[in-house]
Amino acid sequence: MNVSSRITMESARRAQIDRWILLTGQIVGKTVLHLLVVAGAFFFMLPFAWMVSTSLKQGAYVFRMPPVWIPPRFIWSNYIIPWTMENFSIFYRNTAIICTCCVVGTMCSSTLVAYAFARLRFPGRGIVFLTVLASLMLPGQVTLIPTYVLFSRLHWVDTWFPLIVPTSLGSSFHIFLLRQYFMTISRELDDAAKIDGCSLLGIFFRIILPLSRPVLGVVGIFELMYWWNEFFTPLIYLNRPERMTISIGLRFFQDRDQGHLEWTMAMTVVSVIPMIIVFFVAQRRFIQGIVISGIKG
Amino acid sequence: MNRTVPGVVVERETGGALGKALALPGQLFAWRKPRTREAVFAFICLSPWLTHFGILIAGAMFYSLYLSFCKSDLLTGTKWVGLGNYKQLFFEDPLFPQALKVTAIYSFGAVPLNTVLAMLIALMLNQDIKLRGAWRTLYYMPSIVSGVAVAIIWAWMFNPVYGLINAALMGLGMHNPPRWIFSEEWALPAFIIMSLWGTGSNMLLYLAGLQSIPTPLYDAAKVDGANTLRRFWHVTLPMLSPTVFFNLIMNVIGSFQIFTQSYIMTQGGPNNATLTMVLFLYRKAFQQFRHGYASAIAWALFGIIMGLTLLVLRSSALWVYYEGELAK
């Protein structure tokens with residue numbers, strides 16, 4: 001055997017070994033990656049599991065160390081007793097009404113405002129749009145107190161107007177989101193409609209809105225989730241239990257602390273579930289919305 | 001095309017001529033012009049927002065600025081005191097530096113940790129793994145839970161005697177685990193830890209950022225012999241920097257407005273260790289009804305947030321890479 005063929009055989013073997021190392025490396029890497037993903041997800045789900053587990057325990061099992069994850073008996077009455085005690089159905093109904101009004105309100109106004117910014121020519125467009133961008137970044141605290149004073153002068157404390165009216169006059173976030181989307185709709189469609197004798201309002205209703213269904217869905221979901229979860233505004237304006245939303249109702253319930261942590265946990269589960277359902281139903285839209293608002297912002 | 005369009009044009013032209021003929025004093029009939037009509041229509045569309053902005057934003061800002069120079073509470077009504085509120089806030093009230101310290105520590109702890117964690121998770125979930133969509137959903141899920149629910153859940157998690165966290169720490173052999181939200185030094189770290197639970201929305205943005213990086217860049221880097229770490233450092237990170245930048249600004253603004261956690265879990269305690277700026281403001285405005293003083297707090301908070309935002313904005317030229325930008 002001559003030297004050169006020996007060298008080729010040697011290098012072929014080396015290449016083989018290298019390939020093996022690479023392959024095992026890849027397999028090990030993949031396994032580690034999967035393990036990491038699973039472990040991380042485990043930690044992210046732990047608080048949920050702990051909440052649900054506590055909500056189903058008998059009082060004696062709540063304060064037991066080491067913790068009992070699955071109680072011997074599921075106490076479903078943990079869900080029923082506090083629900084009737086504090087009238088959570090009223091909190092639910094209130095929140096549903098407020099959310100509906102806010103979604104409808106902001107849909108009507110923000111779309112029109114966004115249409116003006118995206119399509120219409122008028123003097124001062126740049127400056128007026130700047131007011132939207134500025135409000136987007138503005139921390140709400142600087143407008144909080146005068147707004148409160150104004151609304152209390154109008155005797156709007158303990159009504160839902162302070163929650164519904166501002167967003168129904170157009171919310172800067174939604175205006176921005178909608179405007180960005182409207183800008184992507186081809187102007188040639190407008191021109192075609194114009195030639196066919198369509199008015200400006202007609203273009204809005206017949207061209208822009210039907211083509212914007214995805215972003216309208218996003219706006220609706222964002223608004224819904226926002227008002228379902230919002231705490232500060234209802235905390236300030238709503239004092240009577242029969243006016244409260246679910247988030248302050250829950251706080252109200254927890255604050256009085258009947259010595260039944262499992263009840264508080266059960267009601268927390270109940271307050272979280274509707275949004276989880278909404279999220280799963282509208283997941284794709286929702287994620288799309290976050291991405292649009294984030295990347296283009 | 002040529003047969004239909006001229007008709008329209010002619011029609012328009014005659015309309016214009018007719019308009020000109022009719023417009024006797026010129027301006028009187030100006031609204032008949034399509035441009036003017038469009039502008040009028042635009043302002044009708046804009047009217048909700050103009051009302052909102054005029055009254056609830058610009059008007060409210062001016063009024064709150066004015067209030068911040070006044071003593072305004074239930075007893076005295078509103079009386080001009082000049083810089084009195086600010087003097088008291090910055091030099092006399094010991095709670096203001098405390099609130100500022102608490103909020104700053106929270107922000108400087110939570111924002112970087114959230115950034116790093118969200119990016120790591122996004123990198124992980126951007127790999128080729130089984131059931132990728134399901135994992136993304138799981139990691140995102142805590143972000144859709146309301147602040148109140150999060151606070152209630154974590155108050156229980158952090159319970160020093162029966163909470164899950166200390167159970168785990170004691171299980172791992174720690175004899176004196178921290179008392180978390182009941183101790184002065186561990187209450188803020190507890191808040192920071194629980195903020196990480198909601199890092200999912202940041203993660204989604206990083207994922208979107210990662211997906212928008214063109215693969216040829218990685219291929220080119222591979223051809224040049226760059227290993228994984230170098231590819232991350234020289235391709236992923238620069239391409240992701242605009243997303244980091246956006247998240248950073250939003251997170252800084254958000255973290256300085258932290259309220260629900262301290263309101264529900266600790267009521268600002270123990271010994272004001274979790275008295276955040278907004279909780280401080282809330283107490284002055286809605287428990288003591290000192291609207292003038294509370295407005296001064298609001299403007300101080302606004303100034304701080306603006307300053308930090310500008311800082312991030314200014315620094316962005318150094319570390320944010322925009323594709324399409326000319327090389328310097």
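Predicted model: local features only at pLDDT ≥ 70, side-chain atom pairs only at ≥ 80, totals over all residues.
Residues are numbered from 1 along each chain as its sequence is written, and chains are lettered from A and ligands numbered from 1 in the order of writing.

Chain A contains 15 helices and zero strands, where helices (H or I, at least four residues) and strands (E, at least two) are DSSP runs numbered from the N terminus. The radius of gyration of chain A, taken over C-alpha atoms, is 28 Å, well over the 19 Å that the globule rule (2.2 Å times the number of residues to the power 0.38) gives for 297 residues, so chain A is more spread out than a compact globule. Along the principal axes, the C-alpha atoms of chain A fill a box of roughly 100 × 75 × 35 Å.

An automatic or database assignment divides chain A into domain 1 (3-55) and domain 2 (77-296), and the C-alpha centres of these two domains lie 44 Å apart. Four residues from domain 1 of chain A and seven residues from domain 2 of chain A take part in the contact between them, contact being defined as C-beta atoms, placed from the backbone, within 7 Å.

Of the 297 residues in chain A, 38% are buried, a residue being buried if 20 or more other C-beta atoms, placed from the backbone, lie within 10 Å of its own. Helix α13(A) (residues 246-256) is largely enclosed by the rest of the structure, because eight of its eleven residues are buried; among them are Ile246(A), Leu250(A), Arg251(A) and Phe253(A).

Between the chains, 69 residues of chain A are in contact with 70 residues of chain B. Helix α1 (residues 3-55) of chain A supplies the largest share of the side of chain A that touches chain B, namely twelve residues. That side divides into 48 nonpolar, 19 polar and two charged residues, with Ala, Val, Leu, Ile, Met, Phe, Trp, Tyr, Cys and Pro counted as nonpolar, Asp, Glu, Lys and Arg as charged, and the others, Gly among them, as polar.

In chain B, strand β1 (residues 70-73) runs antiparallel to strand β2 (residues 77-80) and is joined to it by four bridges, pairing requiring at least two bridges found by DSSP. A hairpin connects β1(B) to β2(B) through three residues, and Ser72(B) stands opposite Thr78(B) in β2(B).

Notes: Buried ≥ 20, exposed ≤ 12 C-beta atoms within 10 Å, placed from the backbone. Contact = placed C-beta atoms within 7 Å.
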